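Subject: The model you asked for, with notes

Hi there,

Here is the structure for you to open alongside this message. My notes follow below it.

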Amino acid sequence: MSLTFFDYASLPVSRWRNGGGETREIACWPVGGEDFGWRASIATIEQNGPFSTFPEVERSITLLAGDGVRLFSAEGHIDHELAQSLQPFSFPGDIALEATLLGGNSQDFNIMTRRGCWRADVCIISGAQPLPVSRAGVVYVVRGDWQIQHEESRRLSHQQGCWWTPMIRGGQLRPLVANSQLIWVDLLSAV
């Protein structure tokens, strides 16, 4: 399988049932599966309210834009202000959390992995990277321009990215301009 490219503006939008925001899904693997192994999305939180729980799922959230959000549980297990952009925060999806906006809307990059099936390592990169062999992954450009070389060469700009499954056989990703940054998600199969 090759790379699947996406642009934020063309991702499908789903409003939340509680009316508190919206999600743009990047990818869900396996495609069409009822129980995902991993899922990548971008969410916009528009008002205070409960965070959806996902039993047996690990979550990572990274602030992209806005003032951020405070995530906390009633039992006090988690109390975290997601106020600095591009600082991934990981937590168990089974814990019931409340979200309180720290100002206006908050836009966040999200990764969810099924515990015991997949593991995600989320980081911010600004230099050249080889695409890993036999691993899945997602990249999303937050600043600058990048070139990705796999079976073909393609340029990625702000709010563009791509994802792949473990069947990829390597490639290269490199910044084209100074101060370029992207979110890099390395997905490792646990089975």
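A definition to start with: Ala, Val, Leu, Ile, Met, Phe, Trp, Tyr, Cys and Pro count as nonpolar, Asp, Glu, Lys and Arg as charged, and the others, Gly among them, as polar. By that scheme, the lining of the largest pocket has 9 nonpolar, 6 polar and 7 charged residues.

Please keep in mind that this is a predicted model, where local features need pLDDT of at least 70, side-chain atom pairs count only at pLDDT 80 or more, and totals for chains, interfaces and linings use all residues. Residues are numbered from 1 along each chain as its sequence is written, and side-chain values use heavy atoms, with hydrogens and water left out.

**The pockets**

A pocket here is an open set of points on a 1 Å grid over the protein atoms alone, where a 1.4 Å probe fits, with protein on both sides within 12 Å along at least five of seven lines; lining residues have an atom within 4 Å of a point. A volume is the space filled by probe spheres set on the points, which are joined across faces, edges and corners. Strands are DSSP runs (E, at least two residues), numbered from the N terminus.

The largest pocket holds about 580 Å³ of space. Its lining has 22 residues, and Trp16, Thr23, Arg39, Ser52 and Phe54 lie nearest the centre. Strands E2 (13–15), E3 (21–29), E4 (38–45), E5, E6 (57–66) and E11 (106–114) each give two or more residues to this lining. E4 provides the largest share, 4 residues.

The second largest pocket has a volume of about 170 Å³. Its lining includes Leu64, Ala65, Tyr140, Val141, Val142, Arg143 and Gln159. The lining divides into 6 nonpolar, 4 polar and 1 charged, and its largest share, 4 residues, comes from E14.

Two strands pair if DSSP finds at least two bridges between them. E4 runs antiparallel to E3, joined by 8 bridges, and Glu22 stands opposite Thr44. E4 is also antiparallel to E11, again with 8 bridges; there, Ala40 stands opposite Ile111.

**A four-stranded sheet**

An open sheet of 4 strands has the order E5-E10-E7-E8, with antiparallel pairing. Strands E5 (49–51) and E8 (79–82) are its edges, each pairing on one side only. E5 and E10 (97–101) share 3 bridges, and Gly49 has Ala99 as its bridge partner in E10.

**Backbone details in the loops**

The peptide bond from Trp29 to Pro30 is cis, with omega near 0°, and Pro30 sits in the loop between E3 and E4.

Gln159 is not a glycine, yet has a positive phi of about 70°.

Asn179 is in the loop between E18 (172–175) and E19 (181–189), and is exposed (over 50%) at 64% relative accessible area.

Best wishes

Methods
Buried < 20%, exposed > 50% of the residue type's maximum accessible area, 1.4 Å probe, protein only.
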